[in-house]
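Kindly read each point alongside the display.

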Amino acid sequence: MSPSIAERLAPWFAARARDLPFRRARTPYRVWVSEVMLQQTRVATVVEYFPRFIARFPDVASLAQAEQADVLAAWSGLGYYRRARALHEGARFVVAHLGGRLPRRPEELARIPGIGPYTAGAIASVAFGVQAPLVDGNVARVLSRLFALDADPSRGAGQRAVWALAASLVPARAPGVFNEALMELGATVCTPTSPRCGECPLAVECEALRRGEPETLPRLGPRRAPVTVYAGAIVVRERDRVLLGRRRPDALYGGMWEPPHVEARDAEEARRLARALVTRPHGEFELTHALTHRTLRVTVTRGGRRARAAYPDVYEEVRLVGERDLASYGVSALAKKVLRGPA
(Lines give C-alpha, C1' and ligand atoms only; values in the text may rest on other atoms or scores of the structure.)
Protein backbone atom coordinates (compact mmCIF):
# COMPACT_ATOMS: atom_id res chain seq x y z
CA MET A 1 0.00 0.00 0.00
CA SER A 2 1.39 3.39 -0.96
CA PRO A 3 1.85 5.97 1.82
CA SER A 4 -1.09 8.28 2.50
CA ILE A 5 -0.83 12.02 2.00
CA ALA A 6 -0.48 12.45 5.77
CA GLU A 7 2.30 9.84 5.90
CA ARG A 8 4.20 11.63 3.14
CA LEU A 9 3.77 15.06 4.72
CA ALA A 10 4.76 14.26 8.30
CA PRO A 11 8.49 13.48 7.74
CA TRP A 12 8.81 16.33 5.25
CA PHE A 13 7.37 18.78 7.78
CA ALA A 14 9.59 17.45 10.57
CA ALA A 15 12.65 18.11 8.41
CA ARG A 16 11.60 21.31 6.62
CA ALA A 17 9.32 23.28 8.95
CA ARG A 18 10.50 26.81 9.57
CA ASP A 19 11.46 27.64 13.14
CA LEU A 20 8.90 30.34 13.91
CA PRO A 21 8.25 31.86 17.36
CA PHE A 22 4.53 31.11 17.27
CA ARG A 23 5.25 27.40 16.71
CA ARG A 24 6.81 27.11 20.15
CA ALA A 25 4.68 26.37 23.23
CA ARG A 26 1.52 25.74 21.19
CA THR A 27 -1.06 26.65 23.83
CA PRO A 28 -4.62 27.31 22.64
CA TYR A 29 -4.23 31.03 23.33
CA ARG A 30 -0.94 31.34 21.45
CA VAL A 31 -2.36 29.42 18.47
CA TRP A 32 -5.38 31.74 18.47
CA VAL A 33 -3.29 34.92 18.52
CA SER A 34 -0.87 33.70 15.86
CA GLU A 35 -3.57 32.54 13.47
CA VAL A 36 -5.40 35.85 13.74
CA MET A 37 -2.16 37.73 13.12
CA LEU A 38 -1.32 35.56 10.10
CA GLN A 39 -4.58 36.40 8.33
CA GLN A 40 -3.65 38.76 5.46
CA THR A 41 -0.22 39.47 6.98
CA ARG A 42 3.22 38.29 5.90
CA VAL A 43 4.90 35.70 8.13
CA ALA A 44 7.99 37.90 8.47
CA THR A 45 5.85 40.66 9.99
CA VAL A 46 4.15 38.28 12.41
CA VAL A 47 7.54 36.92 13.48
CA GLU A 48 8.38 40.45 14.62
CA TYR A 49 5.06 41.29 16.30
CA PHE A 50 4.00 38.01 17.91
CA PRO A 51 6.65 37.83 20.69
CA ARG A 52 6.00 41.45 21.69
CA PHE A 53 2.24 40.97 21.78
CA ILE A 54 2.52 37.79 23.85
CA ALA A 55 4.96 39.47 26.25
CA ARG A 56 2.41 42.24 26.80
CA PHE A 57 -0.67 39.98 26.89
CA PRO A 58 0.60 36.50 27.90
CA ASP A 59 -2.82 34.86 28.33
CA VAL A 60 -6.53 35.26 27.70
CA ALA A 61 -7.12 36.96 31.05
CA SER A 62 -4.53 39.67 30.51
CA LEU A 63 -5.88 40.39 27.04
CA ALA A 64 -9.47 40.52 28.30
CA GLN A 65 -8.55 42.93 31.11
CA ALA A 66 -6.68 45.31 28.80
CA GLU A 67 -8.12 48.52 27.43
CA GLN A 68 -8.86 48.39 23.72
CA ALA A 69 -6.50 51.32 23.19
CA ASP A 70 -3.63 49.27 24.61
CA VAL A 71 -4.49 46.28 22.39
CA LEU A 72 -4.58 48.50 19.30
CA ALA A 73 -1.27 50.08 20.29
CA ALA A 74 0.35 46.62 20.51
CA TRP A 75 -1.20 45.78 17.11
CA SER A 76 -0.07 49.06 15.52
CA GLY A 77 1.60 48.37 12.19
CA LEU A 78 0.01 44.94 11.59
CA GLY A 79 -2.95 46.42 9.72
CA TYR A 80 -6.53 45.13 9.44
CA TYR A 81 -7.25 46.45 12.92
CA ARG A 82 -10.70 44.90 13.09
CA ARG A 83 -8.80 41.65 13.79
CA ALA A 84 -7.36 43.16 16.97
CA ARG A 85 -10.75 44.43 18.09
CA ALA A 86 -12.34 41.03 17.40
CA LEU A 87 -9.54 39.22 19.25
CA HIS A 88 -10.03 41.52 22.23
CA GLU A 89 -13.81 41.01 22.18
CA GLY A 90 -13.30 37.26 21.91
CA ALA A 91 -10.96 37.22 24.92
CA ARG A 92 -13.53 39.08 27.00
CA PHE A 93 -16.20 36.57 25.93
CA VAL A 94 -13.98 33.63 26.92
CA VAL A 95 -13.33 35.12 30.36
CA ALA A 96 -16.96 36.15 30.94
CA HIS A 97 -18.70 33.03 29.62
CA LEU A 98 -16.18 30.17 29.39
CA GLY A 99 -14.22 30.49 32.61
CA GLY A 100 -11.18 31.85 30.78
CA ARG A 101 -10.55 28.60 28.88
CA LEU A 102 -10.86 28.01 25.16
CA PRO A 103 -13.02 24.95 24.32
CA ARG A 104 -11.69 21.98 22.35
CA ARG A 105 -14.30 21.44 19.65
CA PRO A 106 -14.37 23.63 16.52
CA GLU A 107 -18.14 24.13 16.74
CA GLU A 108 -17.72 25.49 20.28
CA LEU A 109 -14.79 27.67 19.30
CA ALA A 110 -16.81 29.13 16.43
CA ARG A 111 -19.29 30.60 18.94
CA ILE A 112 -16.58 32.95 20.22
CA PRO A 113 -16.72 36.41 18.60
CA GLY A 114 -14.10 36.77 15.90
CA ILE A 115 -13.38 33.04 15.48
CA GLY A 116 -14.42 31.63 12.10
CA PRO A 117 -14.12 28.11 10.66
CA TYR A 118 -10.43 28.45 9.76
CA THR A 119 -9.31 29.74 13.16
CA ALA A 120 -11.55 27.23 14.95
CA GLY A 121 -9.97 24.39 12.95
CA ALA A 122 -6.48 25.65 13.70
CA ILE A 123 -7.02 25.91 17.46
CA ALA A 124 -8.84 22.57 17.68
CA SER A 125 -6.30 20.60 15.64
CA VAL A 126 -3.00 22.26 16.53
CA ALA A 127 -3.59 23.03 20.21
CA PHE A 128 -5.96 20.19 21.19
CA GLY A 129 -5.23 17.44 18.67
CA VAL A 130 -8.86 17.30 17.53
CA GLN A 131 -9.47 15.83 14.07
CA ALA A 132 -10.64 19.09 12.49
CA PRO A 133 -9.89 20.51 9.03
CA LEU A 134 -8.83 24.00 8.11
CA VAL A 135 -8.55 25.76 4.78
CA ASP A 136 -6.59 28.94 4.13
CA GLY A 137 -5.21 30.20 0.83
CA ASN A 138 -2.20 27.90 1.03
CA VAL A 139 -4.25 24.79 1.77
CA ALA A 140 -6.75 25.65 -0.96
CA ARG A 141 -3.92 25.98 -3.49
CA VAL A 142 -2.28 22.68 -2.50
CA LEU A 143 -5.54 20.73 -2.64
CA SER A 144 -6.68 22.39 -5.87
CA ARG A 145 -3.47 21.29 -7.57
CA LEU A 146 -3.24 17.90 -5.90
CA PHE A 147 -6.73 16.90 -7.05
CA ALA A 148 -7.02 19.21 -10.11
CA LEU A 149 -10.12 20.99 -8.81
CA ASP A 150 -11.66 23.22 -11.46
CA ALA A 151 -13.91 25.37 -9.24
CA ASP A 152 -12.77 28.55 -7.50
CA PRO A 153 -11.95 27.39 -3.92
CA SER A 154 -12.55 30.84 -2.48
CA ARG A 155 -16.31 30.93 -3.09
CA GLY A 156 -19.53 28.97 -3.48
CA ALA A 157 -19.40 25.33 -4.52
CA GLY A 158 -15.63 25.39 -4.93
CA GLN A 159 -15.18 26.56 -1.36
CA ARG A 160 -17.51 23.87 -0.03
CA ALA A 161 -15.70 21.24 -2.09
CA VAL A 162 -12.23 22.10 -0.82
CA TRP A 163 -13.43 22.14 2.81
CA ALA A 164 -15.05 18.73 2.33
CA LEU A 165 -11.84 17.42 0.81
CA ALA A 166 -9.74 18.80 3.66
CA ALA A 167 -12.11 17.14 6.17
CA SER A 168 -11.76 13.79 4.40
CA LEU A 169 -7.96 13.95 4.48
CA VAL A 170 -7.17 15.16 8.00
CA PRO A 171 -6.03 12.14 10.04
CA ALA A 172 -7.12 11.20 13.52
CA ARG A 173 -3.47 10.95 14.57
CA ALA A 174 -1.56 14.26 14.77
CA PRO A 175 -4.15 16.33 12.86
CA GLY A 176 -2.40 19.55 13.83
CA VAL A 177 0.85 18.40 12.25
CA PHE A 178 -1.01 17.50 9.07
CA ASN A 179 -2.77 20.88 8.89
CA GLU A 180 0.40 22.84 9.60
CA ALA A 181 2.30 20.76 7.05
CA LEU A 182 -0.28 21.54 4.35
CA MET A 183 -0.01 25.25 5.12
CA GLU A 184 3.78 25.10 5.17
CA LEU A 185 3.84 23.26 1.85
CA GLY A 186 1.70 25.95 0.24
CA ALA A 187 3.75 28.76 1.74
CA THR A 188 7.20 27.45 0.84
CA VAL A 189 6.94 24.94 -2.05
CA CYS A 190 3.51 24.96 -3.72
CA THR A 191 3.63 28.72 -4.17
CA PRO A 192 1.24 30.75 -6.35
CA THR A 193 3.86 31.16 -9.07
CA SER A 194 6.91 29.04 -9.91
CA PRO A 195 6.05 26.13 -7.59
CA ARG A 196 9.07 23.96 -6.77
CA CYS A 197 7.46 20.66 -7.71
CA GLY A 198 10.80 18.82 -7.58
CA GLU A 199 10.92 19.46 -3.82
CA CYS A 200 7.31 18.50 -3.10
CA PRO A 201 6.70 15.36 -1.01
CA LEU A 202 3.30 15.00 -2.74
CA ALA A 203 4.54 15.35 -6.32
CA VAL A 204 3.84 11.69 -7.06
CA GLU A 205 0.19 12.27 -6.05
CA CYS A 206 -0.30 15.60 -7.85
CA GLU A 207 -2.83 15.54 -10.68
CA ALA A 208 -2.01 19.09 -11.81
CA LEU A 209 1.67 18.16 -12.14
CA ARG A 210 0.75 15.02 -14.06
CA ARG A 211 -1.15 17.22 -16.49
CA GLY A 212 1.78 19.62 -16.71
CA GLU A 213 -0.22 22.63 -15.54
CA PRO A 214 0.28 23.27 -11.81
CA GLU A 215 0.40 27.06 -12.21
CA THR A 216 -3.04 27.15 -13.85
CA LEU A 217 -4.64 26.09 -10.56
CA PRO A 218 -6.46 27.12 -8.50
CA ARG A 219 -8.86 28.79 -10.91
CA LEU A 220 -9.60 31.97 -9.01
CA GLY A 221 -12.19 34.48 -10.16
CA PRO A 222 -11.12 37.94 -11.28
CA ARG A 223 -9.90 40.25 -8.56
CA ARG A 224 -11.81 43.43 -7.93
CA ALA A 225 -9.79 46.43 -9.07
CA PRO A 226 -8.81 48.68 -6.13
CA VAL A 227 -10.83 51.86 -5.75
CA THR A 228 -8.95 55.16 -5.52
CA VAL A 229 -9.95 57.21 -2.46
CA TYR A 230 -8.82 60.79 -1.88
CA ALA A 231 -8.24 62.40 1.49
CA GLY A 232 -6.68 65.47 3.01
CA ALA A 233 -4.67 65.20 6.21
CA ILE A 234 -3.10 67.79 8.48
CA VAL A 235 0.07 67.67 10.54
CA VAL A 236 0.14 70.16 13.40
CA ARG A 237 3.12 70.18 15.76
CA GLU A 238 3.58 72.28 18.88
CA ARG A 239 6.98 71.89 20.48
CA ASP A 240 7.31 68.13 21.12
CA ARG A 241 3.64 67.32 20.58
CA VAL A 242 1.57 66.43 17.52
CA LEU A 243 -2.17 66.72 16.91
CA LEU A 244 -3.97 63.36 16.67
CA GLY A 245 -7.59 62.28 16.47
CA ARG A 246 -9.07 59.03 17.75
CA ARG A 247 -11.64 57.49 15.43
CA ARG A 248 -15.04 56.56 16.82
CA PRO A 249 -15.43 52.86 17.74
CA ASP A 250 -18.09 52.34 15.06
CA ALA A 251 -15.99 53.96 12.30
CA LEU A 252 -13.54 52.33 9.92
CA TYR A 253 -10.29 51.78 11.88
CA GLY A 254 -12.31 52.47 15.05
CA GLY A 255 -10.21 53.34 18.09
CA MET A 256 -7.10 54.16 16.05
CA TRP A 257 -5.23 57.47 16.39
CA GLU A 258 -4.10 59.50 13.38
CA PRO A 259 -3.42 63.04 12.19
CA PRO A 260 -6.92 64.32 11.36
CA HIS A 261 -8.09 63.28 7.89
CA VAL A 262 -11.01 64.36 5.76
CA GLU A 263 -12.27 62.39 2.75
CA ALA A 264 -12.67 64.17 -0.59
CA ARG A 265 -13.82 63.63 -4.17
CA ASP A 266 -10.43 64.45 -5.72
CA ALA A 267 -6.96 65.78 -4.91
CA GLU A 268 -7.96 69.42 -5.30
CA GLU A 269 -10.85 69.14 -2.85
CA ALA A 270 -8.59 67.21 -0.45
CA ARG A 271 -6.10 70.08 -0.52
CA ARG A 272 -8.83 72.68 0.07
CA LEU A 273 -10.50 70.79 2.93
CA ALA A 274 -7.18 70.11 4.67
CA ARG A 275 -6.12 73.77 4.46
CA ALA A 276 -9.42 74.75 6.09
CA LEU A 277 -8.41 72.78 9.21
CA VAL A 278 -5.15 74.64 9.90
CA THR A 279 -3.84 78.16 10.32
CA ARG A 280 -0.70 79.38 8.58
CA PRO A 281 -0.24 76.51 6.09
CA HIS A 282 3.49 76.06 5.55
CA GLY A 283 4.12 72.97 3.48
CA GLU A 284 2.34 70.30 1.57
CA PHE A 285 3.08 66.89 0.10
CA GLU A 286 1.21 63.95 -1.37
CA LEU A 287 1.51 60.25 -0.64
CA THR A 288 -0.09 57.04 -1.83
CA HIS A 289 -1.02 54.17 0.46
CA ALA A 290 -2.09 50.85 -1.05
CA LEU A 291 -4.58 48.54 0.67
CA THR A 292 -6.15 45.32 -0.60
CA HIS A 293 -9.22 46.92 -2.14
CA ARG A 294 -8.39 50.62 -1.98
CA THR A 295 -5.61 52.97 -2.99
CA LEU A 296 -5.47 56.07 -0.81
CA ARG A 297 -4.13 59.30 -2.29
CA VAL A 298 -3.53 61.68 0.58
CA THR A 299 -2.68 65.36 0.36
CA VAL A 300 -0.92 66.36 3.60
CA THR A 301 -0.86 69.98 4.77
CA ARG A 302 1.33 71.26 7.60
CA GLY A 303 0.16 74.20 9.64
CA GLY A 304 -0.86 75.60 12.99
CA ARG A 305 -3.77 74.49 15.13
CA ARG A 306 -7.06 76.31 14.66
CA ALA A 307 -9.02 77.43 17.70
CA ARG A 308 -12.20 75.34 18.02
CA ALA A 309 -11.60 73.71 14.64
CA ALA A 310 -14.54 71.73 13.28
CA TYR A 311 -12.78 68.41 12.80
CA PRO A 312 -14.64 65.61 10.97
CA ASP A 313 -17.21 63.93 13.23
CA VAL A 314 -15.53 60.56 12.65
CA TYR A 315 -13.24 61.54 15.56
CA GLU A 316 -14.45 61.14 19.11
CA GLU A 317 -11.43 63.06 20.41
CA VAL A 318 -8.73 65.32 18.94
CA ARG A 319 -5.78 66.41 21.07
CA LEU A 320 -2.05 67.02 21.20
CA VAL A 321 0.03 63.94 21.99
CA GLY A 322 3.68 63.81 22.98
CA GLU A 323 5.72 62.42 20.10
CA ARG A 324 7.76 60.37 22.56
CA ASP A 325 4.54 58.65 23.62
CA LEU A 326 3.36 57.61 20.14
CA ALA A 327 4.42 53.99 20.71
CA SER A 328 1.72 53.69 23.40
CA TYR A 329 -1.03 54.74 20.98
CA GLY A 330 -2.69 52.69 18.26
CA VAL A 331 -1.24 54.47 15.21
CA SER A 332 -1.77 52.98 11.76
CA ALA A 333 0.88 52.53 9.07
CA LEU A 334 -0.76 55.31 7.06
CA ALA A 335 -0.65 57.66 10.05
CA LYS A 336 3.06 56.92 10.48
CA LYS A 337 3.63 57.78 6.81
CA VAL A 338 1.81 61.06 7.21
CA LEU A 339 3.82 61.98 10.30
CA ARG A 340 7.10 60.90 8.72
CA GLY A 341 6.70 63.21 5.74
CA PRO A 342 7.68 62.85 2.08
CA ALA A 343 9.93 59.92 1.18
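1. Two strands are taken to pair if DSSP finds at least two bridges between them. Helices (H or I, at least four residues) and strands (E, at least two) are DSSP runs, numbered from the N terminus. The model is a predicted one, in which local features need pLDDT of at least 70, side-chain atom pairs count only at pLDDT 80 or more, and totals for chains, interfaces and linings use all residues. Residues are numbered from 1 along each chain as its sequence is written, and side-chain values use heavy atoms, with hydrogens and water left out.

2. An open sheet is formed by 4 strands in the order β5-β1-β8-β7, with mixed pairing. Its edge strands, β5 (261-264) and β7 (284-290), each pair on one side only. From one strand to the next the twist averages 25°; axes here are lines fitted to C-alpha atoms, for helices over the stretch in contact, and angles run from 0 to 180 degrees between N-to-C directions.

3. Strand β1 (residues 227-235) runs antiparallel to β5 and is joined to it by 4 bridges. Within this pairing, His261 in β5 is the bridge partner of Ala233. Helix α14 packs on the sheet, where it touches β1, β5, β7 and β8 (294-302), and its direction makes about 155° with that of β7. Contact means heavy atoms within 4.5 Å.

4. Is strand β3 (residues 241-247) largely enclosed or open? Of its 7 residues, 5 are buried, so β3 is largely enclosed by the rest of the structure. Buried means under 20% relative accessible area, exposed over 50%, and partly exposed in between (1.4 Å probe, protein chains only).

5. Strand β3 has several antiparallel partners. With strand β10 (residues 315-322) it pairs over 7 bridges, and Val242 stands opposite Val321 there. Strand β2 (residues 237-238) is joined to β3 by 2 bridges, with Arg237 opposite Val242. The two strands β2 and β3 form a hairpin with 2 residues between them, and Arg239 in the turn has a positive phi of about 55°. Strand β4 (residues 257-258) is also joined to β3 by 2 bridges, and Trp257 in β4 stands opposite Arg246.

6. The second largest pocket has a volume of about 220 Å³. On a 1 Å grid over the protein atoms alone, a pocket is an open set of points with protein on both sides within 12 Å along at least five of seven lines, a cavity is a set where a 1.4 Å probe fits but cannot get out, and lining residues have an atom within 4 Å of a point. Grid points are joined across faces, edges and corners, and a volume is the space filled by probe spheres set on the points.

7. Which residues lie nearest the centre of the second largest pocket? Among its 15 lining residues, they are Ala73, Ser76, Ala327, Tyr329 and Lys336. At least two lining residues come from each of α3 (43-56), α5 (68-75) and α14 (333-340), and α3 gives the most, with 4. By class the lining has 9 nonpolar, 1 polar and 5 charged residues. Ala, Val, Leu, Ile, Met, Phe, Trp, Tyr, Cys and Pro count as nonpolar, Asp, Glu, Lys and Arg as charged, and the others, Gly among them, as polar.

8. The count comes to 1 cavity of 30 Å³ or more. About 110 Å³ of space lies in the largest cavity, whose lining comprises 15 residues, with Arg145, Cys190, Cys197, Cys200 and Cys206 nearest its centre. Helix α9 (residues 137-146) supplies the largest share of that lining, 3 residues. The lining divides into 13 nonpolar, no polar and 2 charged residues.
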